[in-house]
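Welcome! Here is a short briefing to read with the model open beside you. Take a look at the structure first, and then we can go through it topic by topic.

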Amino acid sequence: MLRSYRSRRLKPINADRTLLSAYIGVHWRLILLFAVAAQFIHAEPADTIWSARYVITMDAQRRVIENGAVAIRGERIVAVGAKADIDRRFQPKQRLDRPDAILAPGLINTHAHAPMSLFRGIADDMRLQDWLEKFIFPAEAKNVSPDFVRWGTRLACLEMLLAGATTYTDMYYFEDIVAEATKEAGMRGVLGETIIGFPVPDNKTPAGALKFTERYIARFRDDPLIIPAVAPHALYTNSDETLKASRALANRYGMPLVIHLSETKKENDDTLAKRKMTPAAVLDSLGVFAGRTIAAHCVWLTDNDIDILRSRNVGVAHCPSSNMKLASGVAPVPKMLAAGLHVGLGTDGPAGSNNDSDMFIEMNLAAKLHKVFSGDPRILPATTTLEMATIGGARALGMEKEIGSLEPSKRADMIAVRIDRPHAVPLYDVYSQMVYALKGADVRDVMVNGRTVVEDAHSLLLDEKQILAKAAEYRARISASLR
Ligand SMILES: [Zn+2]
């Protein structure tokens, strides 16, 4: 009776408790579910997050973020900030965490001749004219073909990407093949078809080269990675008519013009003797600078030339390795920067003028060359030098709205550089480390246009073994052709 009473009494109580606990349990679960869901609802989608010990942004404030991260959606950066904030804000599909690395904008090589990588070391330690006439022109006449250009570009892109360059400016023959191989490597390129006043492997006349260039521009003008360019080789290798026609062609399609300018003293002396003007003044008088222009070297510019280049907003590609190796001279880079010119760094080469395509070496040499030349160790500090290799290079190419810094809405071109090797520790200043201590071989991962193209120091898109084998094959073929 009692039992039944109790049981009767207890039963409802038990039931109440069960109900209550079930009620609370359901609520807890709901709260948890909402909390988890809220994270997903509020977390913005991202394709990729890269994080690292330091993020060098090269933005207007020159922010360096310790324990930072970059979120990427599609081809562009959506956020840069502290890793904890980025992780809270975004739900990525994939991520790469490098606690022992620096994330930096991809390096921008503003002057190169990529396919010439297959002539690397063919002849060194001689005057430019001898090197060109005795070795390069004969070697080019006998060997340069679409196949040579394809494999040379693949080799150069592989080398450049593994050393942290994500964009490069080129000037060579069969530039459509250079563009194909550059796309295949996943790299960005401002690629100029060479126009020159004598027969070359792809075109026998400048008029033919101009027609070729127009077809090439039409094919690549809307490409997300390639900016086709018109590249009259130099003032001294082209007629005034060809130079004018080159500018007109570039402007017709809104494409840049790439040219060598005042590289040697001889070039300046000859032009002064012949025309009573400097090469820069002649090009300006012909209207060659009336549109986006990238001028390589600019070693022998006068103060007046600097004014001309500034007023025409000409971008300059400073190539310290090349200028030193060929004893061309020292470009007035501190003066150009003080005047407000946009100066980037270029490797030139990678044949006799510089036998590698490593932008870390160019940064290191640029900073030191101008110090020893001026006798002032304060000239070209590390920050300015890294600027030249990133946002300054982007400005020189007229691409600063798209690349050159890690900022929301810019294209996702970036590199992870390891800082866990003996030459990288201890680290007091990231700019100093990038310019004076780190090397191209420290680059571990590379992203171009939102796509990872190098992971753990290996290209994901290029067949490294095959490229090295082809280089050996070409070495044998080229040597035989010169006998
Ligand atoms: Zn060059």
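Which residues are buried in α5? They are Glu-175, Asp-176, Ile-177, Val-178, Ala-179, Ala-181, Thr-182 and Ala-185. Please keep in mind that this is a predicted model.

- Helix α5 spans residues 175-185 and is mostly covered, with eight of its 11 residues buried.
- The cover over those buried residues includes two helices, α4 (146-162) and α6.
- Strands also take part in covering them, among them β6 (165-172), β7 (188-195), β8 (226-232) and β15 (451-455).
- Just past the end of α5, Gly-186 adopts a positive phi of about 80 degrees.

**Aromatic rings**
- You will find five aromatic pairs in the structure.
- In one of them, the ring centres of Tyr-172 and Tyr-173 are 4.8 Å apart and the planes meet at 50 degrees, so this pair is tilted.
- Tyr-172 counts as buried because its relative accessibility is 2%, and Tyr-173 is buried with a relative accessible area of 5%.
- Tyr-216 and Phe-220 also make a tilted pair, because their ring planes are at 55 degrees, with the centres 5.7 Å apart.
- These two residues, Tyr-216 and Phe-220, lie four residues apart in helix α6 (residues 206-220), so about one helical turn separates them.
- Both Tyr-216 and Phe-220 are buried.
- Phe-119, Phe-148 and Tyr-474 come together in one aromatic cluster.

**Charges over rings**
- The ring of Tyr-474, a member of that cluster, has the charged end of Arg-477 sitting over it, 4.3 Å from the ring centre.

**His-458**
- His-458 belongs to strand β16 (residues 458-459).
- With a relative accessibility of 46%, His-458 counts as partly exposed.
- Leaving aside residues up to four places away in sequence, His-458 touches Leu-162, Val-453 and Glu-464.
- Leu-162 is 296 residues from His-458 along the chain, yet their C-alpha atoms are separated by 7.2 Å.
- With Glu-464, the side chain of His-458 makes a side-chain polar contact of 3.3 Å.

Terms used:
Residues are numbered from 1 along each chain as its sequence is written. This is a predicted model: local features need pLDDT of at least 70, side-chain atom pairs count only at pLDDT 80 or more; totals for chains, interfaces and linings use all residues. Side-chain values use heavy atoms; hydrogens and water are left out. Buried means under 20% relative accessible area, exposed over 50%, partly exposed in between (1.4 Å probe, protein chains only). Contact means heavy atoms within 4.5 Å. A polar contact is a pair of N or O atoms within 3.5 Å; within protein, one must be able to donate a hydrogen and the other to accept it, and residues adjacent in sequence count only if both atoms are side-chain atoms. Rings of Phe, Tyr and Trp (its six-membered ring) pair if their centres lie within 6.5 Å; planes under 30 degrees apart count as stacked, over 60 as edge-to-face and the rest as tilted. A charge sits over a ring if NZ of Lys or CZ of Arg is within 6 Å of the ring centre and within 35 degrees of the ring normal.
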